[in-house]
Amino acid sequence: MSSSSPIMDSAVTHSPGGLARLSALLGAPEPALRLLVSILLGFPVALIHRYTLYGKDPIRQHLFFIACGLSIGYWNYDCNILHSSTAVCATYLILTILGSSALSVIVTFLFNMTYLLYGYYTTSTQDYDIKWTMPQCVLTLRLIGLAFNLWDGQKRDEELSDSQKRVALKERPSLLEIAAYAYFPGAFLIGPQFNMRRYLDYVNGHLTERDPRTGAIKLPDCVSAGLLRAFIGFIYVAIFQIGTLYVSDQYLFEPSFQKLNLIKKCLLIGLWGRINLYKYVSVWLITEGVCITFGLTHNGKDSKGRIKWDGCANVKLRTFETSTQFNHYILSFNINTNHWCAEYIYKRLKFLGSKIYSQVITLLFLALWHGFHSGYYHSFFMEFIVLYFERDIGPVLQNSEKVQTLLKTRWEARMLAWIFMKLYTFVFMGYVLVSFVLLSYPRYNQVYASLYYCGHVFFLSYPFLAPYIKRLIGQRHERQRSHQE
């Protein structure tokens, strides 16, 4: 459920101008509108690159990406954009001095996380801030991942997983390559995450087809696919903007909401949560569209020989919209960040010998990566206990002959089960998001109190009730069958 970049939130101010007037006209915060415009600038930049530099000299491409990324960053954050330059140069020095070693991974990790947390400490307010820390949090994962990939590149192949082999680097990239990778204009501000190997393959013309007769690099047929993905993103922007007119954050504190009964409150919390998720979905779709237009997302061909442009996909819409379990959200929402955490945090903790410990540390890292607001830590704690509930009760339901027979023989049971699971994920995803969005304890606690802490009571009481629930669902039936045999 991790996230890193909304488009319609608050924060820094710039001098009055045309953008400020447009902001007032649309009723959207100026920093958010500036960020959205900056993301959209990726499309003309991608087209300029496509028709002037694609497949040409990599050095010229690196310089172009650095110039565009820094210019867009400066327009958003003024000289604060130099914080990212500091991180890039420091990481390059660490990798140069310490080499591709475990020590360089540790130092790179500590430096970049400390720098990011320093930024949060000095700039954060009670709201979600659109400041230089936003691209910095994206860059932090990118640079840490680079150090890991270089370390993996020094290991023997049999020591690496298949996914590690695909991204491992045998040689340290130059400072120019690392800077261009960091400031790539299609993903610098808010992601998506992608690895250095993909970037190097891209600028060296490996993510495209070649003319079979001349061997020349062919321009990829990706523009229409990129624009289509972005168009879908704008549909989600519209849904979010319309939705917030009726169910805004402030509405949760109004007397009209407080007077509703618990069922109506829960349904409205679910709707509010869904609308907030669309804020993230919309901006990820637009940025993915930009990356597709660049041609960066080439991901081989499907079974019908068609090129797949999903190499940087950050949301799987079909899975997301049809979710009936929290794990479906994990699999379909903010995919690249979740994959990064799985590869560089969760799997690297295998030596602990406990999936629970690995998951707890990974979620703690995610919360810290987002910032110091207590809402992040509470939200990821709630995610942990919800996933614990699902992983514990799921196999019991799957192995219960009584439940499975009912579902296979009665269509009414299947329909009711589906409706129940949709409502369950709809309501409790909104419930978990309350603290993530509202951030500060007094605010999210007020909303939870109005809901009588129903989610806390349900999920926190489950471990104590689990033996009785399991006996009721399946074990009693199994015991009866064993007696009959």
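A: A salt bridge here is a side-chain nitrogen of Lys or Arg within 4 Å of a carboxyl oxygen of Asp or Glu. The model is predicted, so local features need pLDDT of at least 70 and side-chain atom pairs pLDDT 80 or more, while totals for chains, interfaces and linings use all residues. Residues are numbered from 1 along each chain as its sequence is written, and side-chain values use heavy atoms, without hydrogens or water.

The search of the whole structure finds 11 salt bridges. Start with lysine 301. Its side chain meets that of glutamate 209 in a salt bridge, 2.9 Å from N to O. Lysine 301 sits in the loop between H13 and helix H14 (317–321). Glutamate 209 sits in the loop between helix H10 (196–203) and helix H11 (223–246). The pair therefore ties together parts that are 92 residues apart in sequence. Helices are DSSP runs (H or I, at least four residues), numbered from the N terminus.

How covered are these two side chains? Lysine 301 is partly exposed, at 47% relative accessible area. Glutamate 209 is partly exposed too, at 31%. The scale runs from buried (under 20% relative accessible area) through partly exposed to exposed (over 50%), with a 1.4 Å probe and protein chains only.

Next comes glutamate 321 with arginine 274. Their side chains form a salt bridge at 2.7 Å, N to O. The pair joins distant parts of the chain, 47 residues apart: glutamate 321 is in helix H14 and arginine 274 in helix H13. Glutamate 321 is partly exposed at 27%. Arginine 274 is buried, with a relative accessible area of 12%.

Aspartate 392 pairs with lysine 470. The closest N and O atoms of this salt bridge are 3.0 Å apart. Aspartate 392 belongs to helix H18 and lysine 470 to helix H22 (residues 454–484), so the bridge ties together parts 78 residues apart in sequence. Lysine 470 is buried at 19%.

There is also a network. Asp152, Lys155 and Arg348 are linked by salt bridges.

Now the surroundings. Helix H18 (residues 374–399) also holds leucine 387. Leucine 387 is buried, at 4% relative accessible area. Beyond neighbours within four places in sequence, leucine 387 is in contact with Phe326, Asn327, Ile330 and Gln359. Contact means heavy atoms within 4.5 Å. Leucine 387 and lysine 301 are 86 residues apart in sequence and 34 Å apart in space, C-alpha to C-alpha.

The largest nonpolar core has 133 residues, and Phe65, Phe184, Tyr199 and Tyr202 have the most contacts inside it. Helix H13 (residues 262–294) gives the largest share of this core, 16 residues. Such a core is a set of buried Ala, Val, Leu, Ile, Met, Phe, Trp, Tyr and Cys residues joined through side-chain atoms within 4.5 Å.

Last, the overall layout. The chain divides into domain 1 (28–204), domain 2 (220–315) and domain 3 (325–475). These bounds come from an automatic or database domain assignment. The centres of domain 1 and domain 3, taken over C-alpha atoms, are 31 Å apart. Their contact takes 26 residues from domain 1 and 19 residues from domain 3.

Key: Helix = DSSP H or I, 4+ residues; strand = E, 2+ residues; numbered from the N terminus.
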